[in-house]
Amino acid sequence: MRNPLSQVVQEIKPSGIRRFFDIVSEMKDAISLGVGEPDFDTPWHVREEGIYSLEKGRTFYTSNAGLKELRAEIASYMNRKFQISYHADREILITVGGSEAIDLAIRALVNPGEEVLIPMPSFVSYLPCVQLAYGVPVVIELKEEDEFRLTKEELLEHITDKTKLLVLPFPNNPTGAIMPRRALEEIAEVCVEKDIFVVSDEIYAELSYYGERHVSIAEMPGMKERTILINGFSKAYAMTGWRLGYVCAPENILSQMLKIHQFAIMCAPTTSQYAAVEAMRNGDRDVAEMTQSYNQRRRFLLNEFREMGLECFEPYGAFYVFPNIKKYGMTSEQFAEKLLEEEKVAVVPGTAFGDCGEGYVRISYAYSLERLKLALDRIKSFLERHREDL
């Protein structure tokens, strides 16, 4: 019997995040700091709108592109937050989470053999999505000494005549790194000059602690027409289980993404879309309160790391820290496995986000302060024990 499986799919590695999540879910008294999911409930007024939509029998398909009211709210949001104008009917698409949007963008843009630049460490989906589209992923290794930002020099070094697309994953998962305006301006200049398109994953746009608002590369001169901007409701609005994202892109690109979406998905969940309209209209205060809480946790973690001698650069976005564990003489996998085995605390090895994540682990602070304090006590004991072994 011939092999029934696709060789491309077989060669893709399973997610390194889920492996530790599955282990800790079956371990009594374990504390997980590994999953990037807000510990907040979806705001009540947003849930209430979802419930109301069910009570009113709004359980039918929406248009393929999504509810017109929701697309209009997203267009308004993009204009007031970033001063970018998108046409609600022709340049916005509602997707099943940001992950579908990433897949759609790459499949719509990349021909077999074309190269896609992926700064790493970064979210686990980019590289396999490129492989599934028969593109060629080209990894740009981000460095701690550059605060895990993409530099103009690194970008230029990796561009070839086959380069089609740059993935721009900021604020970044797993590092928490951001790209300030000046850094984005330099990247934008290169993209315009070299005629490169950009998939800008901005799912953590609202979670920025730098002192200025998040800046989108689509704001830069010449970039709106070559940027596929991806965002969603999971992180900022604590709506992970609602599975809702969106894309803002030029009409000629979005129309092709919509074609794939039509055949693969049909439309995003109707109830989620009605809830998202309420989140967009009346959720700014909720987002601000959650962001303030994340920032408090971020500062607490960094201070505790300094106290226990765990090196970590200061992240200014998302809800992750990416401490350097190289001095403990263990690989990222070994560190995470031993920490889970000895102290029942789950973190994610940096290598889950690319080989260049070796020597780091990702810790999420999307958990309560009480839970973080308990986990940090255990981590401190673990570090002290293994410091003695050095």
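Student: Is Phe-335 buried or exposed?
Tutor: Phe-335 counts as buried because its relative accessibility is 3%. Buried means under 20% relative accessible area, exposed over 50%, and partly exposed in between, with a 1.4 Å probe and protein chains only. Keep in mind that this is a predicted model, where local features need pLDDT of at least 70, side-chain atom pairs count only at pLDDT 80 or more, and totals for chains, interfaces and linings use all residues. Residues are numbered from 1 along each chain as its sequence is written, and side-chain values use heavy atoms, leaving out hydrogens and water.

Student: OK, what does Phe-335 touch?
Tutor: Ile-325, Tyr-328, Met-330, Val-361, Phe-382 and Leu-383, leaving aside residues up to four places away in sequence. Contact here means heavy atoms within 4.5 Å.

Student: And how do the rings of Phe-335 and Phe-382 sit?
Tutor: Their centres are 5.2 Å apart and their planes at 85 degrees, so the pair is edge-to-face. Rings of Phe, Tyr and Trp (its six-membered ring) pair if their centres lie within 6.5 Å; planes under 30 degrees apart are stacked, over 60 edge-to-face, the rest tilted.

Student: Where in the chain are those two?
Tutor: Phe-335 is in helix α12 and Phe-382 in helix α13, 47 residues apart. Helices (H or I, at least four residues) and strands (E, at least two) are DSSP runs, numbered from the N terminus.

Student: New topic: what about Gln-334?
Tutor: Gln-334 is partly exposed, at 36% relative accessible area, and is also in helix α12.
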